[in-house]
Amino acid sequence: MHQPLVFDIKRYCINDGPGIRITIFFKGCPLSCHWCHNPESISPKVEKLYTVGRCIHCNACVYVCPEKACDLTNGGIVTDPDLCTLCGKCADICPTRAIEMSGRPYSVHELLLEIEKEVPFFDSSGGGVTFSGGEPLLHPEFLIAILDECGEHGIHRAVDTYGCVAREVLLEVARHTDLFLYDLKLMDPERHRQWTGVSNEKILANLVALAETAVEIQIRVPLIAGVNDDEANITAMADFIAALPGGPRPLSLLPYHGIAAGKHAKLGRIYDEQGLAEPSPQDIGRVSAIFAARGIRVSIGG
Amino acid sequence: MATPINSTDKPQRQAAAEGNFYTEKPGQLGPGMNPRIQRLRKLSVDTEPSLSIERALHETAFYRENYGKYSIPVLRSLNFLDHCEKKTLYLGDDELIVGERGPAPKVVPTFPELTCHSVEDFEVLNTRDQQRYTISEDDIATYAREVIPYWQGRTVRERIFGHVPQEWQAAYEAGLFTEFMEQRAPGHTALDGKIYRTGMLDFKQRIAEKIAALDYLNDPEATDKFEELKAMDISCDAVILFAERHAELAEEKAATENDPQRAAELSTIAEVCRRVPAHAPRTFHEAIQMYWFVHLGTITELNGWDAMNPGHFDQHLAPFYAAEIKAGTLTREQAKELISCFWIKVNNHPAPPKVGITARESGTYNDFTNINIGGITADGRDGVSEVSYIMLEVIEELHILQPGNSVHISAKTPDRFLNAACRVIRQGHGYPSIFNPDVYVLELMRQGKSLRDAREGGCSGCIEVGAFGKEAYILTGYLNVPKVFEVTLNNGIDPVTGKIAGIATGDPCSFNSYEELYQAFLKQLNFIVDTKVRVSNYIDRMFAKYAPAPFLSVVIEDCIEKGKDYYDGGPRYNTNYIQCTGLGTVTDSLSALKTHVFEQQTFTMERVLDAVAKDFAGEEFLRQTIVNKTPFFGNDDEAADAIAGRVYQDLLAAIEGQPNVKGECFHLNMLSTTCHIYFGKVLGATPNGRFAGKSISDGTSPSHGADTNGPPAVIRSLSKLDQTMSGGTLLNLRFLPSLLKRDEDIAKLGQLVRSYFTLGGHHIQFNIVDTATLRAAQCSPEDYKDLLVRMAGYSDYFNDMNNDLQQEIIERTQNEEL
C-alpha cells in the first residue's frame with residue numbers, strides 16, 4: 001500500500017474535535033491558501049526545512065553533503081535545490097536540528113502504535129484521533145485502512161478535510177469516520193480561486209452530499225479580516241449552511257493569526273501577509289451573529 | 001515591634017517573592033471578600049517579616065534557672081508553659097481568629113536550643129536581598145549579651161556537627177545531600193480529626209489514666225514514661241493558659257470598645273477562647289480556633305519543619321458547617337469569612353530563618369502548611385463538601401503565599417470540584433497542586449498502614465505522604481543524585497572543589513561498557529546513602545533525648561498510649577524519608593553517555609568528560625548533538641524511560657528498608673521543593689548538556705526543556721515508574737495560558753489529570769507561564785523547549801517561532817493574564 005508522508009504528530013490537541021486528541025498531519029494538499037499556516041503540508045514530497053535561528057554555523061552539513069549542495073553564507077546555510085537529492089544526511093549530522101527533513105512514511109501499523117499510546121487520554125476526555133494535513137483524503141486507501149484499525153480499537157475518528165476531492169472518495173471515507181471537520185473559506189468561486197488556487201464548486205457540492213449521510217459534521221471557517229469576513233461572504237455561507245440537508249451543522253470560527261509566518265521562512269519562502277489581518281473581537285462578534293441568526297451553533301477556536 | 005536598622009540602605013522588598021501575588025492598585029485595599037478581610041490581608045502582606053527575641057529571652061532565663069532540676073521532657077514542657085504565661089499577646093482590630101506565635105503578625109521567634117543565631121547571622125538576615133528578617137540593633141545587642149553566651153556549645157546543632165564523621169562532612173559540604181534536622185526540629189506533621197472531638201481536659205484525663213496504670217514492677221521504662229506523660233500533661237495546661245489569656249484580653253477590649261458590633265465580636269472571641277482548646281469545639285468558629293491554638297502550640301514548643309498542618313481541614317470542618325447551617329446559626333458568608341481569617345493567620349507566620357547550607361537550599365518564607373482539600377474520607381467516601389468549595393474561593397480571592405493548598409482527586413471526586421480547582425490553577429500561582437488519593441493510599445498501605453489510617457492520610461508540606469495524626473514521618477534531607485553521578489565520573493572527587501567527596505569507583509575512561517559505568521554509579525550511590533543514614537539516625541536520637549515535643553505528642557495517636565514522645569517512637573507509625581532529586585538530569589546524563597559513547601560512539605568518554613570539565617567551552621557541536629540527539633526522559637521514549645526506571649528502582653533499593661532508630665525504616669520520596677536550585681549551583685556541567693551551576697530537574701519532572709512531545713508523553717514516561725513504591729513523586733508541567741482559555745479547555749486540563757491518575761500518578765502541578773517566563777525563554781531557549789503554543793488549527797513550540805512571533809505570543813499572554 002502507498003504510504004503517505006506524515007509531517008507531524010501532535011499530542012494534547014484541544015482544538016481539533018471533542019476531548020483530548022492526537023492529530024496526524026499528512027503531507028500534500030490540492031489547495032494553496034494564501035494564509036496557510038502549515039506550508040510544509042502543501043507538497044506531497046519530502047522537504048528540507050532550515051531554521052536559521054538554531055544554526056550554529058558548524059559547517060557539518062557542508063562537509064557531509066555528498067552532492068556539495070550545502071553552502072554556508074552570511075545568511076546561514078543555503079541549499080542548491082538542483083544538486084540536493086533530499087538524502088537527509090545533513091539533517092542527520094546537524095547538532096541543533098536547524099536542518100530537518102519534513103515528511104516520513106508510516107505504515108498503518110506504526111501509526112496505530114502512536115495513536116494507541118493516547119488511549120488513556122481518550123478514555124478520560126472522550127477524545128480520539130484527528131487526521132489532518134494537508135488533505136488526508138488524498139490518500140484514501142491508506143486513510144480508510146487506518147480509520148478501520150482505529151474503529152476496531154474503539155477510537156473516535158475525526159477527519160479534517162477541505163473537501164476538494166472526488167465525491168466517491170469522500171463518501172467512502174465517510175463510512176469509516178465518526179466526525180468530519182469540514183473547512184469552508186469563501187462562497188464566491190472566483191474569490192475562492194484567487195485566494196486558494198482552486199474553485200469551490202466541488203467543495204460545496206461535496207458538503208451537500210456529505211450532509212445527506214449520517215456522519216457528524218462540524219464546519220470550520222478560518223476567519224481572515226479583509227479576505228472573507230465581509231457581509232456578503234458570511235451571509236452567503238450562513239444561508240448555505242442553514243440550507244444543508246439535515247439542517248445546519250455546528251460551526252467553529254478559527255480567527256486568523258499571523259503567527260505561522262515563521263514556517264514559510266523555514267522552507268526558504270517569503271511570506272507575503274499583504275491583505276491578511278487578524279479579525280478584531282468586534283468582527284468575530286459580528287460574524288458570529290450572522291451565523292447565529294440562522295440557527296447555526298458557533299464556537300470560537302476549534 | 002523593633003525598629004529595623006539602616007532601612008534606607010536595604011533593597012526593595014520583592015512582593016511576589018513574599019507571596020503577594022496581587023498587584024497593588026492605588027487607593028484600594030486589595031483582595032478579600034469584605035473590608036475586614038481586605039484589611040487583615042493587607043496588613044499580612046504589607047508587614048515585612050521580622051525577628052522577636054522574646055521567646056529566646058524567656059527560654060534562656062528559664063534554662064539558667066531550671067536546667068538540671070527536672071527530667072528533659074518535663075523541663076521542656078515547663079519551659080513551654082513559662083513562655084505561654086509570659087509571652088506578649090496580640091489581638092488585632094479586625095480579627096476573628098486569634099493568636100500569634102510572635103508578639104505581632106509576621107514576627108518570628110528564634111529557637112536557640114536548636115540553633116543559636118550569631119550576631120553575624122542577624123546582620124545577614126537583616127540586610128540580605130531576599131527572605132530578609134529585620135531585627136533592631138538593640139535586640140541584637142541584647143541577644144549577644146543574654147542569649148548567645150548561655151547557648152554556646154549547648155545547641156543541638158553544635159552537638160550534631162561535633163559528632164559527624166569526616167566522610168559525612170565531606171559529602172555534605174560537596175552538596176551530595178542536605179540534612180533537614182541540623183537546625184530545625186523534625187516536623188512534617190499533619191493532624192487527623194481527634195482535636196475536634198477531644199479537648200485538652202479530655203487528653204489530661206487520658207494521660208492521668210496512663211500514669212495511674214504505669215507498672216513500675218515489670219516495665220523498666222515506667223519512669224521514663226511517667227516523665228514524658230507528666231510533660232504532656234503540663235503542655236496541655238500551657239495551651240489552655242495561652243487561650244485563657246486571649247479570652248481575658250478580648251474581654252478587656254470588649255469592655256472599652258465603642259463599636260457595639262466589634263464589642264460583640266470580642267465577646268464571642270472571649271467565649272470561644274474559654275471553650276477551646278480546653279474542651280472539644282461545638283461550633284464552626286470554635287473548630288477553627290481549636291486547630292489554630294494547637295497549631296500555635298506545636299510551632300511555639302519547637303520549630304518543626306514543616307510547620308504544622310490541619311490535614312483534611314475541609315472534612316474536619318464539614319460536620320460543624322452542616323450542623324450550623326441547618327440550625328441557622330451560621331451563614332455561608334460567615335463561614336467563608338472565618339476561613340479567610342484562618343488563611344491570613346497562616347500567612348502571618350513565615351518560616352523561622354535558616355542559616356548555612358540549609359538557608360541556601362530552602363530560601364523561602366513558606367513554612368509549608370499544606371491544606372488538603374477534597375480527597376476521600378477514612379471510610380472511603382468522597383470527601384468533598386461545601387466547605388471544600390469555600391476554601392477554593394478563598395484561595396482564588398486572597399492571592400497569598402501561605403497556607404499551601406492541594407486538591408485531592410480520587411476516582412470518586414466529582415468533576416465539578418476538579419473543574420473548580422482547575423479554574424483556580426488558571427490564575428497561574430501554581431496552586432493548588434493536585435494529588436491522587438487512590439495511589440497514595442496504596443503507598444501508605446505498602447509501608448504498613450491500615451486501610452483506614454491510610455485513607456485518613458494525605459500530603460503535608462510538598463508531596464510527601466503520611467498517616468495524618470498517627471505518624472512521625474521525618475524528612476531527613478535531599479539527595480543530589482546527579483551529584484552522586486558527577487562524583488562517580490570523577491572517581492570519588494568533587495570536581496567543583498577538587499576535594500574527596502565519595503569513594504573511588506574507577507576511572508570512567510577505563511570502562512568498557514555502559515554496565516560498568518552504571519555499576520560504579522550504584523556503588524557510589526550506596527556509599528553516599530549509607531553515610532547519610534548513619535548521621536540521620538544519630539540526629540534522630542538527639543531530638544528524642546534532648547529536644548522532645550510533649551505537646552505535639554499529645555495530639556498524635558498512640559504517644560499517650562505508649563507514654564513515648566513524638567520523636568521517640570511514640571506515634572503509631574514512624575518513617576524516615578530521603579528525598580531524591582534530579583531523576584531527569586541523571587537519566588539524561590546516563591542516556592547521553594550510553595547513546596553517544598557506548599552505542600553510537602559519536603564521541604569518546606575522554607572527549608565528553610573533557611567537554612564537561614570545561615563547561616562545554618569550545619564544544620558546542622558536541623553539546624548540541626547531545627541535547628538534540630539523545631533520548632531524554634519525559635518523551636515516552638522507551639530507551640530513556642528504561643534508564644529512569646532502573647535508577648528509580650536502585651534508589652529504592654539503596655534507601656528502602658534502611659533501619660531507623662524507632663524499629664521501623666527509611667523510605668524514598670521524589671521531592672525537591674526549591675533544593676534543585678541549590679543542588680544545581682554546587683554541580684558542574686553534566687553530560688546531558690546542562691551547564692555548570694544551572695538547576696537540576698525537580699522531583700520526577702523531566703529536565704527543563706527536555707520534554708518535547710507534549711504533556712501526554714511526559715505523563716506516559718512518568719507512569720512507567722511504579723509510584724506506589726515511593727512516598728511521593730512530583731511532576732511540574734508548564735502551560736501557556738492560551739491552553740486554558742475556554743471552559744472546555746479547563747475541563748480538558750482536568751481530564752489530563754484524570755488520565756495521569758488512572759495511570760498511577762501521585763501528584764501533578766501546573767505552572768501557568770507568564771510573560772516573564774516567556775521572556776526568559778527567549779533568552780535561554782534550550783530550557784524551555786517544552787513550551788507549547790496551541791491555537792485553533794495551529795500548534796508549535798514557542799522556541800521554534802521567530803523573534804517577532806514570540807513577541808506576539810508574549811503580548812497575547814499579557815492580554816490573557818488576569
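Modeller: Domain bounds here come from an automatic or database domain assignment. For chain B that assignment gives domain 1 (1-8 + 50-154), domain 2 (174-189 + 469-730), domain 3 (205-279), domain 4 (311-466 + 733-764) and domain 5 (769-818). The C-alpha centres of domain 4 of chain B and domain 5 of chain B lie 29 Å apart. The model is predicted, and local features need pLDDT of at least 70, side-chain atom pairs count only at pLDDT 80 or more, while totals for chains, interfaces and linings use all residues. Residues are numbered from 1 along each chain as its sequence is written, and chains are lettered from A and ligands numbered from 1 in the order in which they are written.

Biologist: How is chain A divided into domains?

Modeller: Chain A has domain 1 (5-44 + 107-300) and domain 2 (47-102). Their C-alpha centres are 33 Å apart. Six residues of domain 1 of chain A are in contact with five residues of domain 2 of chain A, where contact means that the C-beta atoms, placed from the backbone, lie within 7 Å. On the domain 1 side, two of the residues are nonpolar, two polar and two charged. In this count Ala, Val, Leu, Ile, Met, Phe, Trp, Tyr, Cys and Pro are nonpolar, Asp, Glu, Lys and Arg are charged, and the others, Gly among them, are polar.

Biologist: What makes the radius of gyration of chain A agree with that of a compact globule?

Modeller: The globule rule is 2.2 Å times the number of residues to the power 0.38, and the radius is taken over C-alpha atoms. For 302 residues the rule gives a value near 19 Å, and chain A has 20 Å, so the two agree. The C-alpha trace of chain A spans about 60 × 45 × 35 Å along its principal axes.

Biologist: Why is strand 8 of chain A called largely enclosed?

Modeller: A strand is a DSSP run of E with at least two residues, a helix is a run of H or I with at least four, and both are numbered from the N terminus. A residue is buried if 20 or more other C-beta atoms lie within 10 Å of its own, exposed if 12 or fewer, and partly exposed in between; the C-beta atoms are placed from the backbone. Five of the five residues of strand 8 (128-132) of chain A are buried, so the rest of the structure largely encloses this strand.

Biologist: Which strands of chain A are joined to strand 8 of chain A by four bridges?

Modeller: Two strands pair if DSSP finds at least two bridges between them. Strand 2 (21-26) of chain A pairs with strand 8 of chain A in the parallel sense over four bridges, with Thr130(A) as the bridge partner of Thr23(A). Strand 9 (156-161) of chain A is also joined to strand 8 of chain A by four bridges and runs parallel to it; there Val159(A) is the bridge partner of Phe131(A).

Biologist: Why do strand 3 and strand 13 of chain B count as edges of their sheet?

Modeller: The sheet is open and has five strands in the order 3-4-5-14-13, with mixed pairing. Strand 3 (370-374) and strand 13 (732-735) of chain B each have a single partner strand, so one side of each has no neighbour in the sheet. Strand 13 of chain B pairs with strand 14 (763-768) of chain B in the parallel sense over four bridges, and Asn732(B) stands opposite Gln765(B).

Biologist: Is His57(A) buried or exposed, or in between?

Modeller: His57(A) has 13 C-beta neighbours inside 10 Å and therefore counts as partly exposed. His57(A) is not a glycine, yet its phi is positive, about 55°. It lies in the loop between strand 3 (47-50) and helix 1 (60-64) of chain A.

Biologist: Why is Thr673(B) called buried?

Modeller: Thr673(B) has 23 other C-beta atoms within 10 Å, so it is buried. Thr673(B) also has a positive phi, about 45°, although it is not a glycine. Its place is the loop between strand 12 (666-669) and helix 27 (675-681) of chain B.

Biologist: How many residues of chain B are in contact with chain A?

Modeller: There are 32 residues of chain B in contact with 34 residues of chain A. Helix 29 of chain B gives the most to the chain B side, with seven residues. By class, that side has 12 nonpolar, 11 polar and nine charged residues.

How values were computed:
Two residues are in contact if their C-beta atoms, placed from the backbone, lie within 7 Å.
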